[in-house]
Amino acid sequence: MVLVRERRNQQPLRLPLPLQEPSLDFHQWNTYPLPMVSTGPDSPTIESLFDLEKLGVVGHGNGGIVYKVQHLRNSSVYALKVLRFENENFHLRKKAVGEAEILKQVDSEFIVRCHGVFDSGGDTENGDLCFLMEYMEGGSLNDVLRVHGSLPENVISGVAKRVLEGLSYLHGLHIVHRDIKPSNLLINGQGEVKIADFGVSRVLAGTFDASEFCEGTCAYMSPERFDSDKWTESWCNGFAGDVWALGLALLECYMGHFPLLAPGKKPDWVTLMCAICFIERPEIPSTASSEFKSFIYRCLEKDWRRRGTVTELLRHPFVAKQNTGLVDSF
């Protein structure tokens, strides 16, 4: 396997914050709403960003900033993800437009809802994009782990079921997420987990470009994505990579740290490559139930052709047993 690769599109386990927060002055923007087909009866009627008031910053990452905003007329609260494209970065803007196209297609209780997309550039290629999203009061699963350290199995089971239901819906639309991880699993005020961030997602149609396997967060990449050369003779549909990432994320919830590295150890590309591609399987603490171990091992099968499918895993005893499904229930 070639050890030196093109890594421009890989993300480290953690992303640095920008040094300076840009101003969000909507009156400097000439925005053009892009119609959404996924809006439901509860979606707001917002024709312009001028209808919104910024309340604060929710988070940073992936070249953008997420703001908490409020509708001026009905006081409803939303999240506004602003992606800014400096130096006419065509590649990043193309990815953002792809994310917008995917968000137009999805409408599920297991996916963070997008109420609209606004483009400051109109028909040009260098305008910025704003995504008006459902506001998830509970933050991300990663935030919960920082507070509680780890989660009990009954909560993890509920998380698994909701994410699997979301993946089943997405895969039914031929959409592969490609970046399932705790920071992309958001929690609403009721403690329900939903899938977010489709920045590196793709709609699969027939063939799949192996060069795109390297996009996403490398720590949660499956072996066939990390070492695509090994699978050049075997067509891989990409859906199995979402299952692998979910297995790692759930094991992280149980162990309280990234499961493929020792606690506190900083990841690098070579270390992650060895852990993902060469180590047989991560060790699961002896305190875990046999059902949880079985579920995780089905997710973390090295050979994607033998890995558990979303349909199979939804019927697994670990997921099928009674649970609340709420992250704030422990």
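Guide: The axes of helix α3 (residues 153-172) and helix α5 (residues 239-255) come within 11 Å and cross at roughly 165°, where axes are lines fitted to C-alpha atoms, for helices over the stretch in contact, and angles run from 0 to 180 degrees between N-to-C directions. That makes α3 roughly antiparallel to α5, a label given to angles over 145 degrees. Helices here are DSSP runs of H or I with at least four residues, strands are runs of E with at least two, and both are numbered from the N terminus. In contact, meaning heavy atoms within 4.5 Å, are Glu153, Ile156, Val159, Ala160, Val163, Leu164, Leu167 and His171 of α3 with Phe239, Asp242, Leu246, Leu250, Cys253 and Tyr254 of α5.

This is a predicted model, in which local features need pLDDT of at least 70 and side-chain atom pairs count only at pLDDT 80 or more, while totals for chains, interfaces and linings use all residues. Residues are numbered from 1 along each chain as its sequence is written, and side-chain values use heavy atoms, with hydrogens and water left out.

Elsewhere, lysine 81 lies in strand β5 (residues 77-83) and is buried, with a relative accessible area of 16%, buried meaning under 20% (1.4 Å probe, protein chains only). Its side chain and that of glutamate 99 are joined by a polar contact of 2.7 Å, that is, a pair of N or O atoms within 3.5 Å, one able to donate a hydrogen and the other to accept it. Aspartate 51, in the loop between β2 (32-34) and β3 (52-61), is likewise buried at 16%, and its side chain makes a polar contact of 3.4 Å with the side chain of arginine 73.

Definitions and conventions:
Buried means under 20% relative accessible area, exposed over 50%, partly exposed in between (1.4 Å probe, protein chains only). Angles under 35 degrees count as roughly parallel, over 145 as roughly antiparallel, 65 to 115 as roughly perpendicular and the rest as oblique.
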